[in-house]
Amino acid sequence: MKILVVFTGGTIGSVRKGGIISPDDSRAYTLLEMYGNIRKTAEFTAVCPYTILSENLCRDNLVKLYECIRSYNIEEYDGVIVTHGTDTLQYTSSFLGYAFSDCKKPIIVVSANYPLDDSRSNGLINFAAAMDFISSGCGNGVFAAYANIGENPKIHRAVRLLAHMSYSDDVCSIFNSFYGEISGDVFVKNSAFREADNKLCFKHPIILSESSDVIKLTPYVSMAYPLITSEIKAVLIEGYHSGTLNTNGSDLIDFCREANKLNVPVFLTGASEGFYYESKLLFDELKIRVLPPASPIAMYMKLWMLDREHIQDVYLPCSGDFI
């Protein structure tokens, strides 16, 4: 196989020195050497547009990654593997999922829970799973490969990943809708997996503002809402687990009314059908636009990538979306 490997740092490209985990450019080639020791090696083209810990991810990194991959003729490769940190794995995966939604080859994002020289690390397992999936020829577009502790490596659609739970490095898809898993070295598709009913490609230009012009909020008891200005393109609120918000007090009401004055749309994600609590009755009056079930992080990235003219297209399912 011929594989383009894009190294970006993260735990999978780091070493521990004096108790501190730091990126190390040399670890990139260590990963390929480790893979060569367990499997028949492939023809790798290795490139490194930047090296960071993924918690330091910013707009410039995403643009560099996009431009780096686009600079290669992907059709000449069997697949692309992007190594990444786990902290912001979901953000980059969603970004790539939309940016390369019409890609005819598989692009797999892989990470590690511990540095490669730690016996607990799943980095090599995840990389091997990505290679096995590419070899299977069972899917195109963007995915993430990750093995939770005690489980077979899962192959996830990149835009279906949920945020990590606190104190856990497990990676999961919304409603456990993973694409498939690797058993041994064989890819087995998840029989319950379903693509979106209307699979569209992300047709808009890939433009990210210098600083995100999307406010993303997670509710908490006695929440204080931020100041909103006309510079904001959209607001995305991730509701409580039932898709509810505190509509009893004035804070949310005042925030939404100010957003309406400035023509800033307010979207709600995390709301499931069938839970009609009375607190939701005010959503229409406040012009809170409830999105269909989808990964909250993916919806944030989609809003960030859409310009103001096409902001309503967040409702349109793109390739890999759950909606």
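A polar contact is a pair of N or O atoms within 3.5 Å, where, within protein, one atom must be able to donate a hydrogen and the other to accept it, and where residues adjacent in sequence count only if both atoms are side-chain atoms. The model is predicted, so that local features need pLDDT of at least 70 and side-chain atom pairs count only at pLDDT 80 or more, while totals for chains, interfaces and linings use all residues. Residues are numbered from 1 along each chain as its sequence is written, and side-chain values use heavy atoms, with hydrogens and water left out.

**Exercise 1.** Find the place of R160 and describe the surroundings of its side chain.

*Solution.* Begin with the chain: R160 lies in the loop between strands β8 (154-157) and β9 (180-183), strands being DSSP runs of E with at least two residues, numbered from the N terminus. Next, the side chain of R160 reaches the backbone oxygen of D321 at 3.3 Å. Finally, leaving aside residues up to four places away in sequence, R160 touches several others (heavy atoms within 4.5 Å), among them C172, F193, E195 and F322.

**Exercise 2.** Decide whether S94 is buried or exposed, and name its contacts.

*Solution.* First, S94 belongs to helix α3 (residues 89-99), a helix being a DSSP run of H or I with at least four residues. Second, S94 has a relative accessible area of 0%, and because buried means under 20%, exposed over 50% and partly exposed in between (1.4 Å probe, protein chains only), S94 is buried. Third, not counting residues up to four places away in sequence, S94 touches A158, V159, I297, A298 and M301.
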